[in-house]
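Subject: Structure handover

Hello,

Here is the structure you asked for. My notes on it follow below.

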Amino acid sequence: MSHATQSQDRSRDTHRRSDMMFWLQGRLSQIVIAPSFFAILIVVYGFILWTGYISVSESRMLPNYEFAGLSQYERLWSMTRWHIALKNMFVFGSLYIVCSLVIGIFLAILLDQRIRMEGALRTIFLYPMALSFIVTGTAWKWILNPGLGLQKFVRDLGFDSFTFDWIIDRDMVIYTLVIAAVWQASGFVMALFLAALRGVDQEIIKAAYLDGASLPRIYTTIIIPSIKPVFLSAIVILAHLAIKSYDLVVAMTAGGPGVASDLPATFMFAMSFQRNQLGVGAASAIMMLVTIMAIMVPYFYSQLREQTHD
Amino acid sequence: MIDVNYSAGRLSFSHVLGRGFIYGCLIFCAVIYMMPFLIMLSTSVRPLAEIKSGTIIAFPREITFDAWTKAWGEACIGTKCSGLSSHFWISLKVVIPSVLVTTILGVLNGYALTKWKFRGANLVFGLMLLGCFVPFQAILLPMAQTLGVFGISNTPFGLALVLTLYGIPFSTLFFRNYYVSIPDDLVKAATIDGAGFFSTLWYIIVPLSPPIIVVNIIWQFTNMWNDFLFGASFSNGDGQPVIVALNNMVNTTTGVKEYNVDFAASIIAALPTILVYVVAGKYFIRGLTAGSVKG
């Protein structure tokens, strides 16, 4: 074999080997991601299907996979407790979103005015996000307790007839959850909006200011409209948090008095693990999932489209 | 940021009034935000008799740490009276490995999804992303049964496994979004120099990753430590993580209600996440916003 062909051979060999390597390298990324992907496929999507299956089965105390059509859903929708939970969800969710947005934006705009100690204030407004809902729920439970917290405090100051007993009032208890949840999340909304405000083009604002526009006018006509996408993000995230709310209710009111402050999440847990109604629990879980997906999927879709347009 | 002062120092009356209003509002809000924590702190060091004779909204007249030692070592959870300490260690035992595993998987997944793109990579990412937002109620019952089948329900290992599995989507999201902004040319240059999948990862990508690793660790740690739904569903008795044990302690109805012990216990259970927040708040905020805005 001549020297030339030998080297040619070798080069073809290395070429083939590098092809192989390249192929393997390409596969490697799939191999690396496969365990996570299949795990998610099973424990998220597979389990959702499984839950869906339980919701159309005869399951009560124990899983029973006999097909039962939509009878569990019929039972679910005929339960007063479910309707209370839904109504609470609506009241809680809308107030929670609106109040967190209003307070969050207000704080963000205030902090955006060249404030001394901005860092310290930001830290204070956001720390509730780092705490467990069980911790904050416990705190708010005792603070709002009429005989122990705020009401007693104001009465001791001399206002004998002051009454603030929402937490033990069936009609008002849901608003106490709103107070605690807004306290916890508004700092997060503030952080979102502060970041967005900092991203607004300063030149436009300067120009408007030199044209004699007042500060509130600059905010309402220039700045707020230019950060519209943040509103969407904030609303979607808050809605998603609201629907999942579970810990806070457990710690603060345990769904009470009676079932007056039940939310779908606590309803689901009670049906599944305490009331021996697996099928109804699964059906309520599917309703929660459908609601969240009805909010998240269009949102993701619009976000992804925006990204590909960029 | 709006600088309204650049057109020469106008210290008019209305300007001072405006500044006063802004600072007034901010300080008022700051006080409201701090209040629940301050009340917890103050109540936890007051003797029970003092609390019962007044309200929980007061400065301590007498300071004692009895409630803290009781919450840590003696308070009753259900019928067992040995405090939060053992549950605190269980939380650490469950959370630390879970955080590490999700971080490693996040690095690998993010890297594979961005720097060695394969057909369908976007679909894989999309499906994992949606996993971030699935309400856990929708997977709770099958998970309970599955853990039972494998004989790991009510074990710290089972709980850690669950937390890890449902932590993967967020870690993948963090690292993927971070690595997208690292130029592909860096990776190309490395492969031309003969570096393969793992050596590129190790020598090029990992050294660029500390900021996002910190974000991910903080996010996962906070979420896993504060988890209640999984802990309440998949653990019992001595195996409960500290947040679940705290809730049970507060709702234990036997004996005298000790508010100071409840609050001391609350602060103990919250201490690790508060610590993380105080030490690395910047990264905490970045994680929150990265996890939500970039959806």
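Helix α5 (residues 133–143) of chain A and α1(B) have axes that come within 10 Å and cross at roughly 85°. Axes here are lines fitted to C-alpha atoms, for helices over the stretch in contact, with angles from 0 to 180 degrees between N-to-C directions. α5(A) and α1(B) are therefore roughly perpendicular to each other (65 to 115 degrees; under 35 counts as roughly parallel, over 145 as roughly antiparallel, the rest as oblique). A:Thr136, A:Ala139, A:Trp140 and A:Ile143 of α5(A) make the contact with B:Pro36, B:Ile39 and B:Met40 of α1(B) (contact: C-beta atoms, placed from the backbone, within 7 Å). By class, this contact has six nonpolar, one polar and no charged residues (nonpolar: Ala, Val, Leu, Ile, Met, Phe, Trp, Tyr, Cys and Pro; charged: Asp, Glu, Lys and Arg; polar: the others, Gly among them).

This is a predicted model, in which local features need pLDDT of at least 70 and side-chain atom pairs count only at pLDDT 80 or more, while totals for chains, interfaces and linings use all residues. Residues are numbered from 1 along each chain as its sequence is written, and chains are lettered from A and ligands numbered from 1 in the order in which they are written.

Chain B is assigned domain 1 (13–64) and domain 2 (85–293); the bounds come from an automatic or database domain assignment. The centres of the two domains of chain B, taken over C-alpha atoms, are 34 Å apart. Their contact takes eight residues from domain 1 of chain B and seven residues from domain 2 of chain B. On the domain 1 side, α1 (13–44) and α2 (48–53) of chain B are the elements that give two or more residues (helices are DSSP runs of H or I, at least four residues, and strands of E, at least two, numbered from the N terminus). α1(B) provides the largest share of that side, four residues.

Regards

Technical notes
Contact = placed C-beta atoms within 7 Å.
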